[in-house]
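Morning, everyone. Please bring up the chain on your screens, and we will walk through it together.

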Amino acid sequence: MRRRENRFLKGCVVLCAVLILAVATGIVGMLKDTGFVSKEKLTFFTEQAAPVVKTREVPAGEVEEKFYYQTLNEEEKRVYETILQGIRENQKGIDVPMTEAKRVNQIFQFVLNDFPDIFWCSGAAETTAYQIPEGGYAQICPEYTYEGETKEQMQRKINAETEAFLEQMQEIQSASEYDRIKYVYEYVIRTVDYVADARDSQNLFSALVGKESVCAGYARETQYLLEKLGVFCTYVTGTTRGQPHAWNLVRCEGNYYYVDTTWGDPVFLQSDPSEISEAQQIQYDYLCCNEEELFRTHELDGEVTMPSCTSLQDNYYVREGCYYQRFDKERMRKQLNTEISAGKEVSVFKFSGKAAYEESREILLNNLIREGASNLAAWYQLSSARYSYQDDEVLYKITVYWQYE
């Protein structure tokens, strides 16, 4: 079994860019801002001639499906494309035709959100904006963690991992969008370990190649692989339990859903985790969940309005037939017996809300599960049946783990 670390205790880190603003008009005020919180203000004199700022364009096909790009107006899109090209070339200073430094910095973050394959940029930057009689511009200086041959070597390793993944995916590339999303969800969870101090933990390389990361790496690999499979997926930031966190938004059969591969990879709290099989180490609450489900534990940062996620059509539990909108004793009994007879190691009962959960809970725990255990012992000729369960009052879910030996 792969070693796991408790992500719920350690949280995840999502970097904020460092922003420096300078406004030049003769007598100039310079505002130094870290994380958009003013720290100090200086006054100095300067004479600054405005340079000729040339915007850079990228092929339309590269950005037309990028979520954050599509939220921008035409002026901001030119800034976005110029920053993207500059990052790709590891430019130390990227001049853009905009004088709102905070907005430039935000657009810089949007570029990184849209392009998970940019692993050589830390996410930090210094932006200086100038307003002068001859015109205005801003210069953003990203922090690059890798350049030259080192960057190229890392890119070759990413390419090799990508080719190996796509080779495995040949049979499923023509499958439904849901099946592709589910495959990537399970693939990321099974191949990446959550390690709080993992190297390069904020980028794709840590998860795809290093196999150790935090939420940022999980989300970037999920986005990267789904895009390779032709599924719309973007990077989402916010908080969970007061800590910064990152996850994904996907589009499946025309509807939007949230996906969180980090929280799909839980640390089970059993006294002996070695008894939990690999098949049991995936939690599906965060595979194509709607906003009502997600917002019980997650909160968006609010910088960009996200699409409405209200459908349950492709929610994992709905598709698996174990989602209950009301108390249904006979249906629960039938589910238990069907899964035990099939030798399934896990039975999950997911409820739509508190009322259905509370009404079902007592009869399920004190009656039906025990009845199922008796059936298990009889059907498999065991002297006794062993099982354990988890009762989740937040997600309105009861999970039973069966042992057949």
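What share of the contacts with a separation of 6 or more comes from residues 24 or more positions apart? The share is 65%. Contact here means heavy atoms within 4.5 Å.

Now the ground rules. This is a predicted model, where local features need pLDDT of at least 70, side-chain atom pairs count only at pLDDT 80 or more, and totals for chains, interfaces and linings use all residues. Residues are numbered from 1 along each chain as its sequence is written, and side-chain values use heavy atoms, with hydrogens and water left out.

Let's take the overview. The chain has twelve helices and 17 strands. Both are DSSP runs, numbered from the N terminus: helices are H or I with at least four residues, strands are E with at least two. Of the 405 residues, 51% are buried. Buried means under 20% relative accessible area, exposed means over 50%, and partly exposed is in between, with a 1.4 Å probe and protein chains only. The chain exposes about 18,900 Å². Carbon and sulfur atoms supply 46% of that area. The areas come from the Shrake-Rupley method with a 1.4 Å probe, and for residues only the protein chains shown count as cover.

On to the sheets. Strands of a sheet pair through backbone hydrogen bonds, either parallel or antiparallel. We call two strands paired if DSSP finds at least two bridges between them.

Start with three strands. They form an open sheet in the order β4-β6-β5, and the pairing is antiparallel. Which strands stand at the edges? They are β4 (94-96) and β5 (121-132). Each has a single partner strand, so one side of each is left without a neighbour in the sheet. Neighbouring strands here are turned by 25° against each other on average, direction ignored. Axes are lines fitted to C-alpha atoms, for helices over the stretch in contact, and angles run from 0 to 180 degrees between N-to-C directions.

How many bridges join β5 and β6? Nine, in the antiparallel sense. Find glutamate 126: its bridge partner in β6 is cysteine 141. Two helices lie across β4, β5 and β6. Helix α3 (residues 74-88) runs at about 170° to β4. Helix α4 (residues 101-114) runs at about 150° to β5.

Threonine 145 is partly exposed, because its relative accessibility is 37%. Beyond its neighbours within four places in sequence, threonine 145 contacts Phe119, Trp120, Cys121 and Ser122. Phenylalanine 119 is 26 residues away along the chain, yet the two C-alpha atoms are separated by 8.4 Å. Cysteine 121 counts as buried, at 7% relative accessibility.

Next, the five-strand sheet. It is open, antiparallel, and ordered β12-β11-β10-β9-β13. Its edge strands are β12 (287-289) and β13 (298-300), and each pairs on one side only. Neighbouring strands are turned by 50° against each other on average, direction ignored.

Follow β11 (residues 255-259). Two bridges join β11 to β12, in antiparallel fashion. Tyrosine 258 stands opposite cysteine 289 in β12. On to β10 (residues 243-252): five antiparallel bridges link β10 with β11. There, arginine 251 has tyrosine 256 in β11 as its bridge partner. The hairpin of β10 and β11 has two residues between the strands, and glutamate 253 takes a positive phi near 50°.

Now the inside. A nonpolar core is a set of buried Ala, Val, Leu, Ile, Met, Phe, Trp, Tyr and Cys residues joined through side-chain atoms within 4.5 Å. The largest one holds 85 residues. Tyr80, Ile83, Ile87, Ile118, Ile181 and Tyr258 touch the most other members. A second, separate core has 20 residues, including Leu336, Ala356, Ile363 and Ile398.

Last stop: the cysteines. Take cysteine 233, which is buried with a relative accessible area of 2%.
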